[in-house]
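Subject: Structure for you to look over

Dear colleague,

I am handing over the structure below, and after it I set out what was found when going through it. Please read the notes with the model open beside you.

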Amino acid sequence: MVFLHILFVELKRLLISKGTWLVMACTLCMPLLGYSFYTPASTATSFSAQMANPILAGGLGGAFCFSVFTLLEYDRVNKYQCEALMDSIISPLIISFAKCLSILLTAFLTWLAALCLYMPIMKAALGTAFILSETLLAFSLMMLPTLWMGVLASAAFYQLFRRIDLSFISFTALALFSMSKWCSDLYLIRWINPLVTVFSNDFNNTLFYRLAAYSRLLWLLIFSAFYVFSLICIRNHGLGIIGSFRIHLRKVYLPLLACLLAMGSVWLVVSEPYIDKAALVQEDEGPISSGMVYSVPADDETDYPNIDLLNQYVWLTVNAQKGYVDGNARYQLNNKTHESQWVTMILLPGYTINTITANSKAIEYADPGLDQENSQHPIRIQLPADEWIELEVNYTGYPKVANAARSTLIGNEISADYLFMNSLSILPKLSLNEAENFINEGEVVLPANLELISLGNEAAVVSENASTKTWRFANTSSKLRFIAGDYVKLAVKDSPFPVYFYYSRRHQQEFEAMDIDKVLSDTLNYCAKQFGLLPYSEDYPLNIIMISAHFMGGGANGNFSFMGETYFSKENLSNPSKGASAAEVIAHEIIHQWWGVHSYLMDMENTDWSSEGLTVYTTYRMMKEKYNEAYVKQFYIDQWLNSLAALRNNYFLRNPDMQSMLPDKYLLNLQQLVFDATIYNKMPLQILKAEQLIGEAKMDEVLADLFENGGTEMPPYVTWQDFLDACNLSEEELTLDQAFIESLGGEFNV
Amino acid sequence: MKITIENLSMVYPNGKTALDQISCVLESPNLIGLLGPNGAGKSTLMKLLTAALVPTSGKMLVDGEPLLKHEQQLKQQLGYLPQAFGLYDELTVWQFLDYMAALKRINQPAAAIEQAIRDTNLNAKRKSRIRSLSGGERQRVGIAQAMLADPQFLILDEPTVGLDPKERLDFRNLFSKKAQDRLVLLSTHIIDDVQSVCNQLIVIDHGKILFIGTPAQLIASARGHVALFNEQPASDKIHITARINTAEGIQCRGVAEKMPDDSMLVEPTLEDAYMYLIQYKGA
């Protein structure tokens, strides 16, 4: 009660000070920086631009404001020479603690004010996409703890040094270290600027909240330990730091508390659950094949040719709230060696084995405890000599992000309303031959709100209750992938082959308004007619799935074609380089199923040649057929010409010597400008020139042939030379010369 | 309240001995004057009594309990006016006293503040910012905060510095009144302050206590050692304490261990007695 009273008094004193209000006002201005100057999260989504960045800027700037405020408040006793007076009334430890808590409370009030001030602004900017719970969570985890850490660190530094200048320098050094390149991909170390790559509009951002919560908890513990330690160093009884330290050590609870807090933070570091800490290993150091970090581990390399994997079945329960899975996997094996064998089983880092049995008997396994760089955790298990073996594995865990992906955090995601899981996160993998007629199936229990999309055959609900649904899935390859979320499932009507389009419910109104079904159907039919059918059937439909922006792009895997939500963002759907309207941009993205997913365009010498150029050209052709020549002249050809003209008129491109004077950020923008102009505008113009030289009908034949048969120069890729050869043209003929540009109505300026 | 000091020594880190094996008992009700030249150790003793310093050796007991172990209890009964102190300049007088009252955990702060403001004649300045106060007014705010809620032990280090003669008189009376049922320790250079109100004196010099007793006892100890001279005495063993211009010329007042036989002995004042003590009994 007594302490609460003192706390109240300190808080009251702070709140009647003009300085306090000034600091609060400055902190309230800090989020404004996140709209322009400080944009750590990719602005590809409106949640990043309108929510994440302002909140992160508010935290960072606010931490500095409160650091200065804390130092000034702590120095007041010295400045006003009140030390003798204050010390005669109350212990300096108590007053320091009360002061610290009152500043923390002031920080909380400031945060509350920021919340009240910026939430309506965010709501106005995000419109119907605004989600109150997301905003509250982001504010709570990204801003408030940063302010508190600024206060704790500054107070601790002041109590150690008793000098404002030294304390502020130390605080700034600590903050700069957190923002330095050494910490850029270490989320745990980044205390003042939590790692947020991009905020998703359409799905949740639990991944970042989990990481932020963990790292904030760690740093709050560290700074609290530091603060308590600094309390022990508070000068008292006219003694120096050592004398005061010795005296305060007699208050055993203080060093004990500091140690407990420090030990707690060490424990948090040691048991960090989210990132795999595997060190890089050489290829010959382990039995696991190397592979792309984000890809499903290679299936075709096995160590035991005489043991066949006949089928596998998994029962999986997903705890979506906590991000954990509990699994039971059964593998049917044919051991043709008739001898006991040690084989390798690969787990996802973060998963642990509870039991392993073979033919219902527990078997030995050895876990060397070494994760590998490609996010694999191999263990060795001893199979019995039996010819037919049923291997049963019970496992549990949280899927860790691969070490190599720690800066992007791309990987598996399990959260209350979004799931993105690859094979290893679903069940452990045995590096064995898959027998003919191999079946990979199972059941997964998910929260009732999640619609499961599984690689291979279409997943179906087999049972459900109020809170969960059990889904059955199957695939004929060992590869598995689950995507689940609050999706609208659209079966595209009048499609040349079965296509399902899964998109976030948050887009439903917008997509229905643009008649997305017709857009998809028209595009699919146009491309199928022009280039040929894609290899999908009733049993094996094409699933086009909108996924979280966290994945940063898209990809394809079996009958999955997943597209990051940024493809459907306002910015992308209004990108004139890709189409004249949102519907045309979506058509562009669907055309990539032919150019990009089912045929690969690349050239080692001409980097302008990519699937984008051909996709833009195809969109142009489709719209020319749908509308008329005038339409595509206005919205496509003129757009390409204008973009090239802008490139040619760019001052820094005309004066390359001046580029060295540009800051890195602007140089990158310039590079992006060149990249976009060449990929999306120059290349379509070159293909258009080729079309004019050989005729539309011949061009259609060329493209259909390239799609059907691929390239010959560097199969399976279709190279620029393959295209030139197919058109029977030379590179010089496709130069964008004056005559060509002017024939299109453009102005030619070199 | 009874404070017992036994063999208390304080040596600063720079090697300076501020107090050397002093012993005394301070007991309420009393108004004790602490006298001594600059650097005698008065402020050090006061800091030790407020636990602002830790003694090098010796004991300080508050009602029989070690002071440092019961620091918080002591502070709850203490009102302290340091010799040099600062105030939170941006606060008003009332706000500052309210803050201090809260830190002192005073139950009815408004009444206590009203009383302290009245006692220190700060009524007109209660809403003034401290930064706008004169030196004397700031001193009065310092005294007001020390007297908040009538602490049982009042330590006043040079409280009348900066006050005009009338204020000094008023405060002397106030201290005297406060000391009727509590312990007041008043450190000062101004002999008049202690002469008029203190019922006990402690004289310190060079870290040692030279005298503990009543002012009358101190005066009595100087009898026969104070004389008037019509001219400057030739002997360098006489310490001149005052020169007075009279119609007959300059008259000198001096103290000496042994006065010449023809000296005109006079009844010593407290100042004479103090000077005699410092001059001839000090280190």
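Two strands are taken to pair here if DSSP finds at least two bridges between them, and the remarks on sheets below rest on that criterion. Please also keep in mind throughout that this is a predicted model.

Sheets

In chain A, strand S3 (residues 341-347) and strand S7 (residues 377-383) run antiparallel and are joined by 7 bridges; within this pairing, A:Leu347 has A:His377 of S7(A) as its bridge partner. The two strands belong to an open sheet of 4 strands in chain A, whose order is S6-S7-S3-S11 and whose pairing is antiparallel. Its edges are formed by strand S6 (365-366) and strand S11 (429-430) of chain A, each of which pairs on one side only.

Chain B also has an open sheet of 4 strands with antiparallel pairing, here in the order S12-S13-S11-S14. The edge strands in this case are S12 (239-246) and S14 (264-265) of chain B, and each of them pairs on one side only. Strand S11 (residues 226-229) of chain B is paired with strand S13 (residues 249-255) of chain B in the antiparallel sense, over 4 bridges, and the bridge partner of B:Val226 in S13(B) is B:Val255.

Chain A as a whole

Chain A contains 23 helices and 23 strands, and its C-alpha atoms fill a box of roughly 95 × 80 × 50 Å when taken along the principal axes. Of its 750 residues, 56% count as buried. To give an idea of distances within the chain, the C-alpha atoms of A:Ala739 and A:Met143, which are 596 residues apart along the chain, are separated by 58 Å. A:Ala739 lies in helix H23 (residues 738-743) of chain A, and it counts as exposed because its relative accessibility is 56%, where the cut-off for that class is over 50%.

One helix that is mostly covered is H15 (residues 582-591) of chain A, in which 8 of the 10 residues are buried.

Surface patches

Which residues gather in a patch of positive charge on the surface? They are A:Lys18, A:Lys79, B:Arg129 and B:Arg131, with members from chain A and from chain B. A:Lys18 is placed in helix H2 (residues 18-29) of chain A and is exposed, its relative accessible area being 71%.

There is also a nonpolar patch on the surface, formed by A:Val252, A:Leu256, A:Leu260 and A:Met263, which together have about 420 Å² of accessible area. A:Met263 sits in helix H10 (residues 253-270) of chain A, and its relative accessible area of 54% makes it exposed.

Backbone points to check

Two cis peptide bonds deserve a mention. In chain A, the peptide bond from A:Pro715 to A:Pro716 is cis, with omega near 5°, and A:Pro716 is found in the loop between helix H21 (696-709) and strand S23 (717-718) of chain A. In chain B, a cis peptide bond joins B:Ser28 and B:Pro29, with omega about 0°; B:Pro29 is located in the loop between strand S2 (17-27) and strand S3 (30-35) of chain B.

A:Gln81 has a phi of about 55° and lies in the loop between helix H3 (46-79) and helix H4 (83-89) of chain A. For A:His237, phi is near 55°, and this residue is in the loop between helix H8 (206-232) and helix H9 (241-248) of chain A.

With best wishes

Definitions and conventions. Residues are numbered from 1 along each chain as its sequence is written. Chains are lettered from A and ligands numbered from 1 in the order in which they are written. This is a predicted model: local features need pLDDT of at least 70, side-chain atom pairs count only at pLDDT 80 or more; totals for chains, interfaces and linings use all residues. Side-chain values use heavy atoms; hydrogens and water are left out. Patches are made of residues with over 30% relative accessible area and no salt bridge: like charges are joined within 9 Å, nonpolar side chains (Val, Leu, Ile, Met, Phe, Trp, Tyr) within 5 Å. Accessible areas come from the Shrake-Rupley method with a 1.4 Å probe; for residues, only the protein chains shown count as cover. A salt bridge is a side-chain nitrogen of Lys or Arg within 4 Å of a carboxyl oxygen of Asp or Glu. Lys and Arg count as positive and Asp and Glu as negative; His and the chain ends are not counted. The place of a charge is taken as NZ of Lys, CZ of Arg, CG of Asp or CD of Glu. Buried means under 20% relative accessible area, exposed over 50%, partly exposed in between (1.4 Å probe, protein chains only).
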